[in-house]
Amino acid sequence: MDLYCWNTNISSAFYVTLQFCELSIRNGAVEAVEAVFGANWHLNRGFSYTLPVPKRGYQPRCDLAECSKRLPTAGKVVAELKFAFWRHLFVKGQQARIWDRELAHSFPGYDRTLTLSQARASLFDDIDEVRKFRNRIAHHEPIFSRNLSEDHQRIRRLIEWRRPGAAAWLDGVETVTELLVARP
């Protein structure tokens with residue numbers, strides 16, 4: 001029971017860092033897309049047609065179209081789109097279209113030892129892992145068998161790549177680190 005109670009506490013603590021992470025990713029992606037496609041990017045058919053169309057699962061193009069039809073502003077659309085939508089903006093097919101031009105501006109803390117292509121791929125991989133981790137927590141599944149230190153570092157890295165100052169600030173308020181040490 002101690003382990004399950006700790007699992008609840010660490011999941012709750014991670015939720016704070018995950019919120020900042022998701023906002024960091026989303027805001028960085030919006031900034032880049034607006035720079036390339038304009039303030040009304042959500043209505044831009046050219047942008048819509050750049051979105052991947054997976055054979056199964058989440059459909060970012062359909063999600064954008066549905067949100068854009070029923071919501072009055074880009075800001076409302078941004079708030080309504082799923083985390084998976086933002087992940088799809090980091091696929092390889094968006095490299096030349098968005099990230100070659102905007103990655104350094106939208107994610108100024110990225111690891112400069114990486115090429116832009118490597119950095120975009122790293123963002124995609126980290127976002128995908130964070131999305132899976134977030135979903136486990138959201139569905140109240142146990143996370144204690146995971147490498148939680150690695151999950152924490154991944155989340156922090158994404159925030160730091162977006163805004164190094166935000167990552168440093170979060171270090172002062174998050175409780176994940178102390179709970180990791182207190183694992184039963």
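Colleague: Hi! By class, what does the lining of the largest pocket have?
Modeller: Hello! In this predicted model, the lining of the largest pocket has seven nonpolar residues, three charged ones and one polar one.

Colleague: Nice. And what volume does that largest pocket have?
Modeller: The largest pocket has a volume of about 250 Å³.

Colleague: Which residues line the largest pocket?
Modeller: Its lining is made up of Y15, L18, Q19, E22, L23, R26, V78, A79, L81, R134 and A138. The elements giving two or more residues to that lining are α1 (2-37), α4 (74-80) and α7 (116-138).

Colleague: Which element gives the most?
Modeller: That would be α1, with six residues in the lining of the largest pocket.

Colleague: OK, let's turn to α1 and α7. At what angle do they pack?
Modeller: The angle between α1 and α7 is about 140 degrees, and their axes are 11 Å apart.

Colleague: So are they oblique or roughly antiparallel?
Modeller: Oblique, because an angle has to be over 145 degrees to count as roughly antiparallel. As for handedness, α1 passes α7 in a left-handed crossing.

Colleague: Which residues meet there?
Modeller: From α1 you have S11, F14, L18, C21, E22 and I25, and they meet I127, V130, F133, R134 and I137 of α7. By class, this contact of α1 with α7 divides into eight nonpolar residues, two charged and one polar. L18, E22 and R134 belong to this contact and also line the largest pocket.

Colleague: Good to know. Changing topic: how much space lies in the second largest pocket?
Modeller: About 190 Å³ lies in the second largest pocket. Lining it are H42, L43, N44, R45, S48, Y49, R61, L64, A65, S68 and K69.

Colleague: Which elements do those come from?
Modeller: Two elements give two or more residues to the lining of the second largest pocket, namely α2 (45-48) and α3 (60-70). The largest share, five residues, comes from α3.

Colleague: And how does that lining divide by class?
Modeller: The second largest pocket has four nonpolar, four polar and three charged residues in its lining.

Colleague: Last topic, cavities. How many of 30 Å³ or more does a search of the whole structure find?
Modeller: The search finds one cavity of 30 Å³ or more. About 50 Å³ of space lies in the largest cavity.

Colleague: What lines the largest cavity?
Modeller: The lining residues are T17, H152, I155, R156, A167, L170, D171 and E174. Both α8 (148-162) and α9 (164-173) supply at least two residues of that lining. By class, the lining of the largest cavity divides into three nonpolar, three charged and two polar residues.

Conventions:
Residues are numbered from 1 along each chain as its sequence is written. This is a predicted model: local features need pLDDT of at least 70, side-chain atom pairs count only at pLDDT 80 or more; totals for chains, interfaces and linings use all residues. Side-chain values use heavy atoms; hydrogens and water are left out. On a 1 Å grid over the protein atoms alone, a cavity is a set of points where a 1.4 Å probe fits but cannot get out, and a pocket is an open set with protein on both sides within 12 Å along at least five of seven lines; lining residues have an atom within 4 Å of a point. Grid points are joined across faces, edges and corners, and a volume is the space filled by probe spheres set on the points. Helices (H or I, at least four residues) and strands (E, at least two) are DSSP runs, numbered from the N terminus. Ala, Val, Leu, Ile, Met, Phe, Trp, Tyr, Cys and Pro count as nonpolar, Asp, Glu, Lys and Arg as charged, and the others, Gly among them, as polar. Axes are lines fitted to C-alpha atoms, for helices over the stretch in contact, and angles run from 0 to 180 degrees between N-to-C directions. Angles under 35 degrees count as roughly parallel, over 145 as roughly antiparallel, 65 to 115 as roughly perpendicular and the rest as oblique. A crossing is left-handed if the near helix is turned anticlockwise from the far one by less than a right angle, and right-handed if clockwise. Contact means heavy atoms within 4.5 Å.
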